[in-house]
Amino acid sequence: MEKDSDMKKRTIRECIRIGLLGLLISSGLCVSAEATVSEPVPSGVQPEDLWLRKWIFDDLHLKFGGWVAQSYTFNFDSPSDRLNVGRVFDDRSNDYRFNQLLVYLERGLSSDPTEFDIGGRIELMYGSDARFIHQRNLADNIDDHTVQFDPVQFYGLVRIPIGNGLTVKAGKYVTMMGAEVINAPNNALFSHSYLFGYAIPFTHTGVQVDYPISDNFGIYYSLIKGWDVWSDNNSRLS
């Protein structure tokens, strides 16, 4: 984990996402923040009083953060049912959506590929976007409310110092497929393509092995239960 005592280790990023799809115009506001290592000791506070924060950030190398994403979507056709047919996160016309309140806790792997290391990530979402990404039999059909909860990711990482570093991931994690992602701040536009909603999965449950060939090329192999499946209806892996 990179540290710089001359820089404040908390970043606030504000992003405005504007997408145009046919006659549909969607705009969203996203504010995110994260903390990596402990900040300078505030005036009047003794360093020994901050042992817990130091232990979490400096010793365990943990990072936590999150964001809030919300939007108001316009449709010039003004459908009577106020539905944008075929849309995913911007499914309602002329309406406000509390899309994502997401928090995460993670421990990333060190930058040295020859070093054995362990890590992982836990990511929890509350918002209207959670309705679309539930895995079958895991937090699905919680209720009929628009705003719902979803445990987006919870996985562990183990890096084995073989060659350039072999990484094993196990648990529930976001798919490697596609250029668009669930996490609002990481998309170029607010609105998503039809491929994102209907042609690729959102998350997997299983084991994945990654091996970097170079800085720009790598290979991975996964054994998973399927597309957006927590409890499958068969015993075969994909």
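Colleague: What relative accessible area does R131 have?
Modeller: A word on the source: this is a predicted model, where local features need pLDDT of at least 70, side-chain atom pairs count only at pLDDT 80 or more, and totals for chains, interfaces and linings use all residues. Residues are numbered from 1 along each chain as its sequence is written, and side-chain values use heavy atoms, with hydrogens and water left out. Buried means under 20% relative accessible area, exposed over 50%, and partly exposed in between (1.4 Å probe, protein chains only). R131 falls in the partly exposed class, with a value of 25%.

Colleague: Which residue forms a salt bridge with R131?
Modeller: A salt bridge here is a side-chain nitrogen of Lys or Arg within 4 Å of a carboxyl oxygen of Asp or Glu. For R131 the closest N and O atoms are 3.2 Å apart, and the partner is buried, at 10%. That partner is D91.

Colleague: How many residues apart in sequence are D91 and R131?
Modeller: Helices (H or I, at least four residues) and strands (E, at least two) are DSSP runs, numbered from the N terminus. D91 sits in the loop between β3 and β4 while R131 is in helix α2, so their pairing ties together parts of the chain whose separation in sequence is 40 residues.

Colleague: How far apart are the closest N and O atoms of E106 and K63?
Modeller: E106 is in strand β4 and K63 in strand β3, so this pair ties together parts 43 residues apart in sequence. E106 is buried, with a relative accessible area of 16%. The closest N and O atoms of this salt bridge are separated by 3.2 Å.

Colleague: Which residue meets D95 in a salt bridge?
Modeller: D95 itself is buried, at 17%. With an N to O distance of 3.7 Å, the partner is R82.

Colleague: Which residues have the most contacts inside the largest nonpolar core?
Modeller: Such a core is a set of buried Ala, Val, Leu, Ile, Met, Phe, Trp, Tyr and Cys residues joined through side-chain atoms within 4.5 Å. The largest one has 17 residues, and those with the most contacts inside it are M125, I133, V152 and I182.

Colleague: What separates the C-alpha atoms of T167 and D117?
Modeller: T167 is in strand β7 (residues 166-174) and is buried, at 15%. It lies 50 residues from D117 along the chain, yet their C-alpha atoms are separated by 9.3 Å.
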